[in-house]
Amino acid sequence: MVAVIGQGTWYTEDDDCASAIATLRRGLDLGMTHIDTAEMYLSGGAEEMVGEAIAGRRDQVFLVSKVLPDNASRSGTVAACEGSLARLKTDYLDCYLLHWRGQYPLEDTFAAFEQLRSEGKIRSWGVSNFDVPDLEEAWNVLDLSFEGPPEDESLVCNQVLYHLQQRAIEHEILPWCEAHDMAVVGYSPFGHGRFPGPHTPQGRVLAEIAAAHNATPRQVALRFLVRRRSLFTIPKAILPEHTAENAGAGDLQLTEDELARIDQTFPLGPRPAALPVL
Ligand code: NAP
């Protein structure tokens with residue numbers, strides 16, 4: 001079972017490395033065993049921090065990393081994965097993602113993913129920041145590359161921007177992924193640090209719902225963001241108390257009325273021309 005509320009690791013230069021490692025460990029203790037990282041984050045530094053955090057407890061973790069599009073050629077993807085494995089001090093990833101679409105044909109990247117999977121270096125693979133036309137193309141590549149239906153471990157998820165004030169994926173991407181049995185992993189669930197303040201009208205609605213559950217507005221937000229079976233979320237925190245708060249969202253149950261109120265307070269809005277990304 002993959003933890004529905006996981007931990008992001010897109011750290012900045014200012015983030016305290018020792019605190020980040022301790023916080024990841026605290027998150028694991030609290031059941032946030034899905035860790036998302038990437039070769040891009042701190043130019044490999046985030047993967048090294050994750051490697052320290054999971055030392056001695058690799059088997060508890062669902063570990064995800066991502067290849068940069070510029071590295072995503074057939075041979076480059078394999079080399080990038082091996083670099084990630086070395087920094088993470090592990091011999092396999094649970095899931096490996098193409099961070100966003102780049103210059104290399106999907107056929108090449110996917111062939112490398114399949115090679116890595118057959119070698120046991122990754123257990124599954126997916127994509128990130130893919131809009132529906134990209135997903136359609138990816139699905140066609142899978143259809144053409146494999147005899148019969150795609151393997152269960154191929155193209156398992158799409159990681160996309162998703163928070164209360166950015167719900168564009170609900171127009172088409174979420175339904176498409178659900179129809180194709182793909183998980184949707186929402187990134188930046190707190191808007192990359194721009195969460196509605198307690199004195200805003202939206203913040204007050206979250207606070208009222210939270211008070212009814214002895215919870216916090218951020219826990220309410222996280223719960224809303226994983227309200228469907230296909231949805232996962234990966235908040236990033238440096239402070240252990242932030243991670244403890246985020247983990248607490250796991251037990252929260254929102255009523256249908258509360259979900260509807262959040263839906264009205266943070267309206268979906270029109271479908272944007274392009275998929276919003278960070
Ligand atoms: P985020 O999770 O939306 O927000 C992180 C910010 O929220 C940090 O400033 C953090 O503070 C704060 N925070 C977290 N929990 C809090 C709490 N309980 N109370 C108060 N503040 C809290 O931003 P994000 O890092 O952009 O997104 C999360 C993860 O998604 C990334 O780390 C990365 O793994 C992934 N991601 C993927 C992509 C992609 O293209 N695939 C793009 C962006 C992000 P502290 O750090 O000070 O605790």
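In this predicted model, Leu-106, Glu-107 and Phe-110 of helix H4 touch Asp-134, Glu-137, Ala-138 and Val-141 of helix H5. Sorted by class, the residues of this contact come out as four nonpolar and three charged, with no polar ones. H4 covers residues 106-118 and H5 covers residues 132-145.

How do two helices like these get described? A pair of packed helices is summed up by the angle between the axes and the distance between the axes. For H4 and H5, the angle is about 60° and the axes lie 10 Å apart. Angles of 65 to 115 degrees would count as roughly perpendicular and those under 35 as roughly parallel, so H4 and H5 are oblique to each other. As for handedness, H4 and H5 make a right-handed crossing.

The largest has a volume of about 70 Å³, and its lining includes Asp-131, His-171, Glu-172 and Arg-271, along with Pro-272 and Pro-276. Seven residues of that lining are nonpolar, one is polar and three are charged.

The second largest cavity comes in at about 40 Å³. Among the residues around it are Pro-69, Trp-100, Arg-101, Tyr-104 and Thr-109. By class, the lining of the second largest cavity splits into six nonpolar, three polar and one charged.

Note on methods: Residues numbered from 1 in each chain as written. Predicted model: local features only at pLDDT ≥ 70, side-chain atom pairs only at ≥ 80, totals over all residues. Heavy atoms only, no water. 1 Å grid on protein atoms, 1.4 Å probe; cavity = no way out; pocket = protein on both sides within 12 Å on 5 of 7 lines; lining within 4 Å. Points joined across faces, edges and corners; volume = space filled by probe spheres on them. Nonpolar A, V, L, I, M, F, W, Y, C, P; charged D, E, K, R; others polar. Axes fitted to C-alpha atoms, helices over the stretch in contact; angles between N-to-C directions. Helix = DSSP H or I, 4+ residues; strand = E, 2+ residues; numbered from the N terminus. Parallel < 35°, antiparallel > 145°, perpendicular 65-115°, else oblique. Left-handed = near helix turned anticlockwise from the far one by under 90°. Contact = heavy atoms within 4.5 Å.
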